[in-house]
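This briefing gathers local features of the structure shown below, grouped by topic. Please read it alongside the sequence and the coordinates.

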Amino acid sequence: MQKRKALSGLIAVSLFTALPWTTTLAESPKWTNVNVYEEQDGSKFNSENYDFMKFSKIGAKLQEIDKLSNRVKVEVRGKSADGNPLYAVTIADPSNHSKFGKNKALRKQMFKNPQKAQDWIKNNPDFKVPIMINGSIHGTEFVGSDAVLQLIERFATQNDEVTKNILDSNILIFNVVQNPDGRINATRFNGQGIDLNRDFITQSQPETQETVELIKEWNPMVFLDTHGYVKNYAPNKQGLIEPCTPPHNPNYEYDLYNKWAYKQAEAMESEIMKNKNKYNGKLYQSMEGAYVPQRDDSFGWDDYPPIFTPMYAMYHGAYGHTLEAPTNDLDGVRWQYDAIMGALQFATDNKQGMITDQIEVFKRGINFDHPFHNEGFFPKAYVLPVDQKDPTVTEKAVNHFIKNDIDVVQSSKAFVAEGKSYPKGTYVVMMNQAKAGLANTMLWDGEDISDDTPAMYDISAWSLPELWGFEATAVKSALDIKTENVKEVKNHGAVSGKGPYLIPNSSVKAVKLVNTLLQQGVHVKRDSKGNFYATGQEGKVSAAVRDSGLQVATQPIPANAVSLSKIKVAILKDGGMWKQQSHSGTKLALKRLGFDVTEITPVEVAEQGINRFDVFVYSGTENLISQPDELSNANKEFGFQNNAQRKAFITKVASFVNDKDGKYIAVGAGASHATSTLELTDDKINGSEDDPSNGIVKMDYKGSGVTAGYKNGDVGFVFSPVWYSDTANDDISASFINTADFLVAGHWIGKGEAQGKPVIVEEKDKDVTMIGLEPGFRDHTDYLFRLLSNAIFED
């Protein structure tokens with residue numbers, strides 16, 4: 001075959017450049033994540049001793065395939081959190097390479113004039129549709145990327161009728177290894193400790209951002225996400241193929257999705273069963289099909305939150321499926337391979353109807369016509385006012401929407417909407433747009449679904465206005481105003497006057513500005529309301545404020561303000577539970593607030609103590625400080641190796657709090673129970689870290705100290721909710737509001753027990769604070785991050 005010389009050369013250069021990003025130059029860590037590096041033997045996540053493709057060899061493998069085929073385009077799309085290359089491979093019939101622009105133009109037409117796009121497709125049956133396959137978003141689910149590599153090789157080099165037929169109708173986009181860090185480190189998470197398959201509403205990680213860009217670029221008709229390992233969820237049903245059980249997110253046009261997705265799932269199952277005789281393991285000999293949650297169950301595997309990759313893709317009109325292989329071995333690779341082949345053949349046979357209905361999703365949005373939704377479910381618009389002194393929160397949200405293909409406009413003049421006046425420059429999200437479902441799921445308040453289902457797979461509330469802290473007013477009536485399109489918001493902060501300068505305790509950016517100034521040696525004070533005042537070194541203040549985006553003015557310093565200094569924070573590293581490392585979200589929140597944060601393990605605390613730090617944060621499981629023989633597998637690597645270490649840990653932490661007068665902060669249920677175990681509190685800890693209940697709650701905040709900047713009726717976020725009683729020796733900083741409807745949105749069946757109960761407390765006789773909320777949850781709850789900075793700064 002004739003190869004594309006110029007393109008091949010560019011690809012080779014990019015791949016060779018990427019190779020040093022892998023293990024060769026990686027900094028030697030103090031510990032390994034969850035288990036051992038991929039190049040070593042004995043991984044507890046590979047008990048089958050399956051010889052999976054090492055990430056360090058994947059770049060060379062892709063180069064090899066690329067040299068053999070003129071169908072292939074290989075790209076390095078960026079870097080992971082640990083700096084490893086993110087490979088994307090596009091495969092299409094060579095005659096279609098020059099038509100990629102035409103295909104993308106058609107995608108744009110879908111969002112501007114969907115009827116015209118549908119008519120064009122009807123009259124041009126040879127059109128090509130993009131299909132995206134995502135490889136191994138969880139690092140230890142190795143089989144997904146291995147199946148992807150086999151599929152890339154097949155579609156790059158083979159010429160059988162099935163291959164040619166699929167390539168005649170489709171453009172295949174492979175996100176080869178969505179989580180390189182996890183594959184290298186043999187952990188579910190990326191290098192920041194974040195589960196990437198929980199990051200698609202926040203998009204805090206570079207890997208997630210790259211996948212979102214791929215989805216936006218191609219707007220795939222089908223999205224397949226490879227996972228493992230699910231077996232025996234139903235008798236002789238091996239592996240899992242979505243669609244899901246209820247509850248379904250109400251922001252979908254679910255009738256259009258399910259019309260094709262369920263049949264596609266059956267086609268995948270059929271392809272697996274057709275090849276049953278090629279599987280070797282005993283598990284597969286009695287296999288009668290795959291577990292399809294929608295068909296085989298009533299709850300427990302839902303598609304409600306948009307945090308999962310396929311669920312997020314569904315808001316772009318894709319028929320999204322999670323594919324969970326049964327086993328971590330070559331049979332698991334074959335299962336994934338067969339499932340994907342079944343999906344591709346179904347899409348090829350039904351592309352006309354499937355893409356017509358995909359476009360219908362966009363048509364409904366543009367026409368504000370949602371036939372399966374109650375009238376009024378979708379507002380006409382959301383109005384996003386801007387705080388002129390601290391616009392950073394709203395501006396972050398606006399840029400986030402734009403990056404997600406959501407149209408945002410800005411008013412050219414002042415206007416009135418439903419009796420409320422808004423100034424010129426107010427941002428507006430009109431809801432008569434193609435991706436109205438995605439816009440609404442990001443902007444709505446959410447709902448309490450506690451009575452709708454016995455259990456949820458993950459979170460049930462995620463409102464960006466509530467949890468990022470910006471105002472978004474839903475407007476139900478038609479909005480006739482003059483606007484301009486917004487492509488990106490770029491704002492620079494400014495100072496006025498000659499100081500001292502008031503920095504309001506108003507946002508993550510404001511606190512980060514304070515920590516930046518402290519690190520630069522600028523004198524900063526904090527008043528009883530939590531606000532900050534910077535004095536002297538006007539040049540440093542001006543430069544830092546400009547970068548922050550805040551508008552800072554001169555203000556006299558109150559007499560009660562106290563001086564601050566640079567603070568060193570230690571956070572206890574944990575192995576995770578409930579498919580998350582609790583400390584990772586808290587750690588990222590602290591870093592985004594500008595603190596100097598160091599992860600330390602329980603063993604390091606036992607051996608070295610923590611007196612070199614000012615603050616010690618525990619945000620993880622109680623199991624982390626258990627006896628060695630009681631540790632979970634996830635915590636064995638970080639936990640105590642003997643009982644003497646455990647005793648030393650308890651002694652060192654007590655000395656830090658009592659002798660050094662160090663500050664101890666516990667975040668969440670597990671840490672609260674650990675605080676009791678460490679005898680740092682005599683409170684009764686109510687609630688269990690094993691409880692998956694979660695949601696947005698209304699709070700009664702004291703409004704000073706730890707809760708400075710928050711008020712009664714403000715929001716909090718719980719995951720495995722915890723609250724406190726027997727609090728006579730505490731100062732109570734916050735309680736759940738004492739009304740039956742204190743759960744704003746989410747799933748919490750036993751919430752009545754917690755109504756009105758304390759949830760943030762400070763010991764009176766020692767510097768110990770317990771926060772029953774999850775203010776740093778998955779780097780998602782920006783609005784609550786300042787509970788952490790308040791607790792750290794509070795005298």
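This is a predicted model: local features need pLDDT of at least 70, side-chain atom pairs count only at pLDDT 80 or more; totals for chains, interfaces and linings use all residues.

Helices (H or I, at least four residues) and strands (E, at least two) are DSSP runs, numbered from the N terminus. In these terms, Glu324 lies in strand β11, which spans residues 319-325.

**The annotated residue and its surroundings**

- With a relative accessible area of 7%, Glu324 is buried, because buried means under 20% relative accessible area.
- Leaving aside residues up to four places away in sequence, Glu324 touches His227, Gly228, Tyr229, Val230, Gly239, Leu240, Trp301, Trp335 and Gln336.
- A polar atom of the Glu324 side chain lies 3.2 Å from the backbone nitrogen of Gly228, and Gly228 is itself joined to Tyr229 by a cis peptide bond with omega of about 5°.
- Tyr229, which is among the residues touched by Glu324, lies in the loop between β5 (222-228) and β6 (231-234).

**Backbone geometry**

- Most residues other than glycine have a negative phi, and most peptide bonds are trans.
- A cis peptide bond also runs from Pro246 to Pro247, with omega near -5°, and Pro247 has its place in strand β8 (residues 245-248).
- Asn232, found in strand β6, has a positive phi of about 60° although it is not a glycine, and at 49% relative accessibility it counts as partly exposed.
- Asp405, in the loop between α15 (392-403) and β13 (409-411), has a positive phi near 70° and, at 25% relative accessibility, counts as partly exposed.

**Aromatic pairs and charges over rings**

- A search of the whole structure finds 32 aromatic pairs.
- In the pair of Phe55 and Tyr87, the ring centres are 6.0 Å apart and the planes stand at 35°, so the pair is tilted.
- This pair links distant parts of the chain, since Phe55 belongs to helix α2 (residues 55-68) and Tyr87 to strand β2 (residues 85-91), 32 residues apart.
- Phe55 is buried, with a relative accessible area of 1%, and Tyr87 is likewise buried, with a relative accessible area of 1%.
- Phe640 and Phe649 form an edge-to-face pair, at 5.4 Å centre to centre and with 65° between the planes, and both Phe640 and Phe649 are buried.
- Ring pairs link Tyr233, Tyr291, Trp301, Phe308 and Tyr457 into a cluster, and Trp301 is also one of the residues that Glu324 touches.
- Lys54 lies over the face of Phe52, at 4.5 Å from the ring centre, whereas the charged end of Lys263 sits over the ring of Trp260, 5.7 Å from its centre.

**Nonpolar cores and a covered helix**

- The largest nonpolar core has 196 residues, and those with the most contacts inside it are Val176, Trp335, Phe401, Val429, Ile503, Phe736 and Leu773.
- Helix α13 (residues 330-349) gives the most to this core, with ten residues.
- Leu773 touches, among others beyond four places away in sequence, Val667, Val697, Met699, Tyr701, Phe717, Phe736, Ile760 and Leu787.
- A second, separate core of 30 residues includes Ala570, Ile610, Ala666 and Ala669.
- Helix α25 (residues 785-793) is mostly covered, with nine of its nine residues buried, and these include Phe785, Leu788 and Phe793 as well as Leu787, which is in contact with Leu773.

Methods. Residues are numbered from 1 along each chain as its sequence is written. Side-chain values use heavy atoms; hydrogens and water are left out. Buried means under 20% relative accessible area, exposed over 50%, partly exposed in between (1.4 Å probe, protein chains only). Contact means heavy atoms within 4.5 Å. A polar contact is a pair of N or O atoms within 3.5 Å; within protein, one must be able to donate a hydrogen and the other to accept it, and residues adjacent in sequence count only if both atoms are side-chain atoms. Rings of Phe, Tyr and Trp (its six-membered ring) pair if their centres lie within 6.5 Å; planes under 30 degrees apart count as stacked, over 60 as edge-to-face and the rest as tilted. A charge sits over a ring if NZ of Lys or CZ of Arg is within 6 Å of the ring centre and within 35 degrees of the ring normal. A nonpolar core is a set of buried Ala, Val, Leu, Ile, Met, Phe, Trp, Tyr and Cys residues joined through side-chain atoms within 4.5 Å.
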